[in-house]
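Here are my notes on this structure, point by point. Have the picture open while you read.

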Amino acid sequence: MILLKLISWPYIRKHLLRWMLTIAGIVLGVAVFLGMHTANQSVLYAFRQTVDRIAGSTQLQVSASETGFDESVLERVQSVPEVRAAAPVIEASVNTGLKGQGNILILGVDMTGDRNLRDYELESGEAGIVDDPLVFLAQPDSIIVTDTFARQNQLGIGSKVPMSTMEGEKLFTVRGIMKSSGLSSAFGGNLAIMDIYATQKVFGRGRRFDRIDLTVKDGARVEDVKKKIEGMLGPSFQVESPSARGGQFESISHVYALTANITSAFALFIGMFLIYNTFQISVTQRRSEIGILRALGATRGQIRTLFMGESVLAGLIGSTLGVLLGIGIARLMLGYIGSLLGEVFGIAEKAKEISTNPALILFAIVLGVITSVVAAFIPARNAARVDPVQALQKGKYQQMSAGENRVRRITAFVIAILGVACLVFRQSHGLVYAGDALTLLAALLLTPTVAQLVVQALRPLLRWVRPVEGTLAADSLLQAPRRTSGAVAALMLSLALVVALGGMTRASYGSILNWLSVALNPDLFISTSESLTTRGFRFPESMGPQLSGVSGVADVQGVRIARIQVRGMQTIFVAADIAALSRRATLPPTAGNTAEMYRLASQGKAVLISDNYALLRGVKLGDVLDIASPRGVLHLPVAGVVVDYSDQQGSILLDRSVYKRYWDDSTVNLFRVFLTPGASETDVKRRILEALGNQRRLFVLTNREVRQYIMRLTDQWFGITYVQIAVAVLVAVLGIVNTLTVSITDRRRELGVLQAVGGLRNQIRRTIWLEALTIGLVGLILGLALGALQLYFGLRITGEDLAGLRLNYEYPYEISLMLLPVILLAAFLSAIGPAESAVHGSLVEALEYE
Amino acid sequence: MIDLAKVSKVFNGKRQVTALENVELSIGRGEMVSIVGPSGSGKSTLLNLIGGLDTPTSGKITIDGSLLSGLPDDDLTRMRRDKIGFIFQFFNLLPTLNCIENVSIPLHLRGWPKKKIDERARELLNLVGLGGRMDHLPDELSGGERQRCAIARALSVYPPVLLADEPTGNLDTHTGADILKLIRDVHARLGATVLIVTHDRNVAESCGRVITLRDGRVVEDRAGLGLTA
Amino acid sequence: MNRFVFGLVVLGLAQAQDVRQIVAESQKRSQSKSEQYEGTIEVFGSSNKVSLKHWEFERIGSFGVSKSILRFTAPAEVKGVALLIVNHPDRSSDQWMWTPALERDRHIALQDRSTRFFGTDFSFEDLEERDVNQFDYKLLGEELVDGQQCWKIESKPKEAKSSQYTSAVLFIRKDIYVGIQIESYAKDKLVRRIRYSDIQKLDDIWTARTIEVYDANRKSRTVLKLEKLKYNVPMKDENFTLEALRRG
């Protein structure tokens, strides 16, 4: 500790800038990790709180996937003797016409019997929030809003609130305002309560409920009641405690969390690299100091401890700063994640506050410190091995021995072979990951050698650009392979990641576009909402014939999309008239016989599953799926696997006749409309709106609009990828700045000699600039090459573990081309500072030997 | 050739140190002068000022008729590279470049064409007796050979002034004598003005003129005793 | 008097004999085959925002087997809303509500009978018919209420009967066996006081035309007035069904 203060502190103070640059890697890694997770958890936390608050004192909730169930179930549940109170609920996420408010969650409850489950009341518990309950019930436009919402929108009792309904936008009347505590603070206050029967009517829910909330009588065990109700209602119903509902959300955010982990792991990895690099150079620079300490009697252990101590310090400072930055990032990301989940998954959640998790923060700090310590391990060992006699000789630098180089190259070669072997025998997922890791390791070990070769190759080019400075720059890079390879490796890794991510984005885009052109071929889509994911409203089946009657319409296909529990997972079901569907579009099967699978599926004897469902759930052609429905369990074989991107977690396609029969639900979410040849899209759209638009709420979207919508969603999803790319580029820049700063300090004498023998300031500057540009260029070349490999692994990993997409390998040329100027510019900018400090220092000092 | 008028140099650290105080000095063309004095007497500071590596706190320095004070950095550098050759105690060769490359650097910096650089570098290395070691790296040379290489580098454009800071300080007696002989040779053949800062009495006395510094002042300025080391 | 809404805590007979018989006699004297009236209900409280409402009421049958329909006639916001109440001798009544704007009826699940009746000071429990046999009685003495000599009788729900109140004190006029005041307590604290006044003899039945409830917690009171009251009007059973409720 005393050594740390005595020896390290003056050094750190002297090289403060370099130190900060070094720990910046840790800062970034910790910040990204904490930021993304905190934002995610905050949304999750808000969602859980919402669930809890809406649930009130509810002990069990009865639901039937997303399809809802008939009202009569309520009486059956109420008839269970152990049930103290049971109240039905409908939840609808509805767009408000109020500016800036977006969606509001409508909670439809039975106002006459619900009060003992939920607390809507003022703190006194006696004065009702609804002025006149009878008026509230008698008027279907009555709503209760939270006081937060009321305040934000200047609403009072009697104010009108516009909301989208089945019958178009309608005005609702505020007949009660609840206090912002408990229930009303769920959803960040964007919550309104309506009478459940009014909700059914206004939002087209028929005589169905989404959920029944219940409490059990004193003395009855919740677990027993759960079993009893499950037994009574059958497998198509779920009876769960309210907190279990959070789990559904968690599985959705799983993909996101994984992406966050990859990004932060990557940033930390580069951070580790930067620290390794700086420590290595610091050890070289402080050789004489170490020599003196050793000569004065310091043991090898003490020297090692000294450097490890420094690394712990670096880790702690970096992590702490990272935590602060991370919380900032979380704040920035909160809104983004909220809207992402809202748009992509149709869950509206608003988290206004970030919830920091002490355990997560602690973990992030430990992660940062461990990264730093691991990075400093080898340099610390090297420091301990410094020979005091050699170290005290003046004017000598330790050179990397030829033997070390050879050993490294051999190791790299062996690792590369192992990596290739993993690829050849890539039966299991583990091997793909292992292959990826081995390739990276081999690339890292080979970096010095390959970088030297590339610089050699670039030397003529540099000489051609600037004969004097170019040669000097190339030679300076060649003479210090360790210094150069640090920056090159950091850059290479970052760029490889950028290329891999870019390539995956491009491939996903490509296959989604491809799917869009095959599957989304109707001319018009008629939806209950402007975003296709909101499944809050449904159309009655009878609307189909009405649509067919509109002139210019050739064909109408009704589709019901619902989340249904299969194999313990909420899965998207697409119920459509498969025979009609196949006449218009044949989804290319990846497994199964096209004619046969459509025949079986259209007869309701089988289902088709999406490619990603098959990959993610490990379901094969011919497997039988057991699907619980209100009319009993369906056993349907998988007749085909098709490419379909309806849902990231996979989807199941079945004939609507089966759905209607087993789920007792003839409603439709979406009509696919094909026009007669020659009919104009806009004319038909207008005629449909004229014929039906005033009867009910509907959105007629043209094929182009739907495509744009889906691409927007895709873009939004890939927003995370862009964050990753940004982090990667940032890390690359950081690497260049760090290495150059280190390199310039390291070479003060050399630069001094150059000036002493007649080098002009501009010549020195240009030399440094050219060096930086060369490092950038070498990093680019190696990075783009490694990226090609990483892209391959990336595609396999996304394909099999994340989204189940089967993607084509396509190198992202655009991104690579874009990186060229970006990285060169970054390299140049990062060279300016070091170059100026090199030409402005005192020559005498630079030339002196202390 | 070299004229110093009331030159002072003060270092402003935590403690103010006056390295040179009102030094008046005039060295004629073709002279070979040694500067001696105990550690901290200001020898190296004087050399650095004359070489334009550092600037005086006050006073004027004129080299070959041009006044150094007030020159912008680039002009100072140009003056340096055209008129002055440096020889350092620790050679300061670039470790990754071989002899011929090290010698070529100043010529490169002047933007000479490749062929001419090569010719001149070979000529210089032959001059200093390293004709057979042109492709060797500094690590592969002995101390004396390294200093020869450094001298060749200093001579690259045949500067009228040669400044040597303890050129034999890092060498054994025998090699030191060789190097001194080389410098005397160069002096004789090229007619350059030579300034040598040294601790070595033999080296000092071998010069035509010996200037002694103490506490930043010239305390003695006399002819050398002509001893050859 | 309206059997459902104020499902009277009806009373009977003389002191020395049996307290329970006083209550039973009171119940017997108020019995009728059917009933109809037009009601007006109004809430008087410091923070009251409940509007004055009118309704038409019809009942067929009595005690334990009665059925009633209540239709709101004013104000406009609630016009057409109707309630069908089917009383059972052995359990809580079944109630359905019809809302014309929604064109549907709903079964009102009375899971919490301390809930206030549509924002008035009555709780749903106050409106239930109570049978003499569900309580234990104790004669506390005699007292003058509104200038009338009354029996003061304490009633406590039997163990099987769940109630928000732990006890109630009934005041029954000695001359005509009509209950004119009920004080309901929860743990010795007064919760509500209901007064029956404006008592007239209609079709041989002594009937209170004004009923006032006072909520001690909210310091608020609600007044119900019965107009055009008639007993034993001929009515048809089929008018007291869900279908009839929906017909409006």
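1. Let's start with handedness, since it comes up several times: a crossing is called left-handed if the near helix is turned anticlockwise from the far one by less than a right angle, and right-handed if clockwise. Helices here are DSSP runs of H or I with at least four residues, strands are runs of E with at least two, and both are numbered from the N terminus. By that rule, α5(B) and α6(B) make a right-handed crossing.

2. A word on what you're looking at. This is a predicted model, where local features need pLDDT of at least 70 and side-chain atom pairs count only at pLDDT 80 or more, while totals for chains, interfaces and linings use all residues. Residues are numbered from 1 along each chain as its sequence is written, and chains are lettered from A and ligands numbered from 1 in the order in which they are written.

3. Back to that helix pair. The axes of α5 (residues 143-154) and α6 (residues 173-190) of chain B come within 9 Å and cross at roughly 20 degrees. (Axes are lines fitted to C-alpha atoms, for helices over the stretch in contact, and angles run from 0 to 180 degrees between N-to-C directions.) That makes α5(B) roughly parallel to α6(B); the label covers angles under 35 degrees, with over 145 being roughly antiparallel, 65 to 115 roughly perpendicular and the rest oblique. Residues in contact, meaning that their C-beta atoms, placed from the backbone, lie within 7 Å, include Gln147(B) and Ile151(B) of α5(B) and Ile179(B) and Leu182(B) of α6(B).

4. Now look at α3(B). With α5(B), the angle is about 30 degrees and the axes are 8 Å apart, so these two are roughly parallel. Their crossing is right-handed. Cys99(B) and Val103(B) are among the α3(B) residues here, meeting Cys149(B), Ala152(B) and Arg153(B) in α5(B).

5. What angle do α3(B) and α4(B) make? Helix α3 (residues 99-109) and helix α4 (residues 114-127) of chain B pack at about 125 degrees, with axes 9 Å apart, and are therefore oblique to each other. This crossing is right-handed too. Cys99(B) and Val103(B) turn up in this contact as well, and the α4(B) side includes Ile117(B) and Leu124(B).

6. Chain B also touches chain A: 23 residues of chain B are in contact with 23 residues of chain A. On the chain B side, α2 (73-83) and α3 each give two or more residues, and the largest share, 5 residues, comes from α2(B).

7. The largest nonpolar core has 198 residues, and Met492(A), Leu495(A), Ala732(A) and Ile736(A) touch the most other members. Such a core is a set of buried Ala, Val, Leu, Ile, Met, Phe, Trp, Tyr and Cys residues joined through C-beta atoms within 7 Å. (Buried means 20 or more other C-beta atoms within 10 Å of a residue's own, exposed means 12 or fewer, and partly exposed is in between; C-beta atoms are placed from the backbone.) A second, separate core of 74 residues includes Leu134(A) and Val81(C).

8. Find helix α24 (residues 748-756) of chain A: 7 of its 9 residues are buried, so it is largely enclosed by the rest of the structure. Leu751(A) and Val753(A) are among the buried ones. After α24(A) comes Gly758(A), with a positive phi near 115 degrees.

9. Finally, chain C has 2 helices and 13 strands. Of its 248 residues, 41% count as buried.

Note on methods:
Contact = placed C-beta atoms within 7 Å.
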